[in-house]
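Open the model in your viewer and keep the selection panel at hand. The tour moves from one selection to the next.

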Amino acid sequence: MSDTIKILTIQDLSCYGQCSITVALPIISAFGIETAVIPSAVLSTHTSGFSEYTVRDLTEDLPAIKKHWEKEGIYFDAIYTGYIGSIEQFEYIKEIIDSRLKPGGKVFVDPAMADHGEFYFGFDQEFADKMGEHCKLGDYILPNTTEACYILHRPWKEDFTHEEMLEIANELSTFTKKHVILKGDNHKENELGMIVLDKDQLDDVETVYNKKIDYVSHGTGDVFASSFVGSVLNGKSPSDASKIAGEFTKRSIEETIDDTEHSYGVKFEKVIPEIQNFLNLY
Ligand code: PXL
């Protein structure tokens with residue numbers, strides 16, 4: 001009997017730019033988890049800060065990969081979805097979850113589609129509504145405030161109060177099977193909070209804080225989600241996993257912040273040797 005935990009992550013492969021699969025595969029693997037991938041599209045770079053990138057949509061490959069894995073008897077303990085390239089992919093991804101997730105397996109949904117009050121290029125409210133439905137398959141959903149507001153049809157603002165953050169997290173509990181991790185609680189001057197909620201224990205909502213660094217970079221959401229997934233699959237509670245993911249992301253930013261030429265992503269590679277420390281600390 002194998003003791004290996006296997007996860008499948010479904011998101012795009014941006015060949016250059018430190019996001020999506022090129023972040024998830026190394027980070028989750030470094031947490032000791034066997035990581036399989038389905039690239040939902042191949043892009044020459046991600047879409048934020050680059051122009052004239054190439055895009056090859058792989059929507060039609062999704063059912064073909066599922067069919068092959070059914071023949072091979074390939075199953076996963078967890079499935080983690082990130083950036084999803086097209087509305088058509090949601091149905092195929094649901095079929096993959098229904099068919100390839102082991103009984104009791106966990107689904108992680110990072111509804112990567114927007115940040116800082118705006119959609120990433122190519123997304124709109126119709127996509128956000130489909131993403132909201134997709135979140136309902138998730139045991140863990142990991143939106144930032146912009147994504148949460150699009151899912152909930154709420155106006156977004158830069159600085160929600162802590163009470164408003166709690167209200168948003170509560171509203172999101174109808175968009176998850178169990179856990180909400182709402183990122184971006186900004187109300188403290190030097191700390192960045194995450195609201196961690198279990199819809200079956202709504203009177204026990206936690207807020208986890210990490211040191212705030214004023215730096216905006218692409219790909220930090222993917223770094224956070226990947227280190228969160230790696231921590232949960234190492235047995236950590238959602239609040240400890242949020243703490244570890246917050247530390248991992250903060251350290252990745254610290255490694256990047258002085259390099260003015262490196263705005264397309266963060267240097268998470270430098271932090272991989274610290275994973276065991278994080279797992280021992282929290
Ligand atoms: O990190 C989110 C992301 C993932 N993949 C692609 C993106 C983005 C954000 O812009 O463009 C292709």
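Start by selecting arginine 251. Its relative accessibility is 17%, so arginine 251 counts as buried (buried is under 20% relative accessible area, exposed over 50%, partly exposed in between, with a 1.4 Å probe and protein chains only). This is a predicted model: local features need pLDDT of at least 70, side-chain atom pairs count only at pLDDT 80 or more, and totals for chains, interfaces and linings use all residues. Residues are numbered from 1 along each chain as its sequence is written, and side-chain values use heavy atoms, with hydrogens and water left out.

Arginine 251 forms a salt bridge with glutamate 254, with the closest N and O atoms 3.0 Å apart (a salt bridge is a side-chain nitrogen of Lys or Arg within 4 Å of a carboxyl oxygen of Asp or Glu). The two residues are three apart in helix 8 (residues 238-256), so about one helical turn separates them (helices are DSSP runs of H or I, at least four residues, and strands are runs of E, at least two, numbered from the N terminus). Glutamate 254 is partly exposed, at 29% relative accessibility.

Now widen the selection to Lys211, Glu247, Lys250, Glu255 and Glu274. Together with Arg251 and Glu254, these residues are linked in a network of salt bridges. The structure holds 17 salt bridges.

Next, select lysine 267 and aspartate 259. Their salt bridge has its closest N and O atoms 2.8 Å apart. Lysine 267 is buried, at 16% relative accessible area. Aspartate 259 is partly exposed, at 27%.

Go to helix 3 (residues 89-100) and pick lysine 94 and aspartate 98. Their side chains meet in a salt bridge of 2.9 Å, N to O. They are four residues apart, which means a separation of about one helical turn. Aspartate 98 is exposed, at 53%. Lysine 94 is partly exposed, at 32%.

Which elements do the buried residues of helix 5 pack against? Select residues 145-152 to look. Eight of the eight residues of helix 5 are buried, among them Glu147, Cys149 and Tyr150. Their packing partners are strand 6 (114-115), strand 7 (118-119), helix 4 (125-135), helix 6 (162-172) and strand 9 (179-185) (contact means heavy atoms within 4.5 Å).

Finish at glutamate 60. Glutamate 60 lies in the loop between strand 3 (55-57) and helix 2 (61-72). At 57% relative accessibility, glutamate 60 is exposed.
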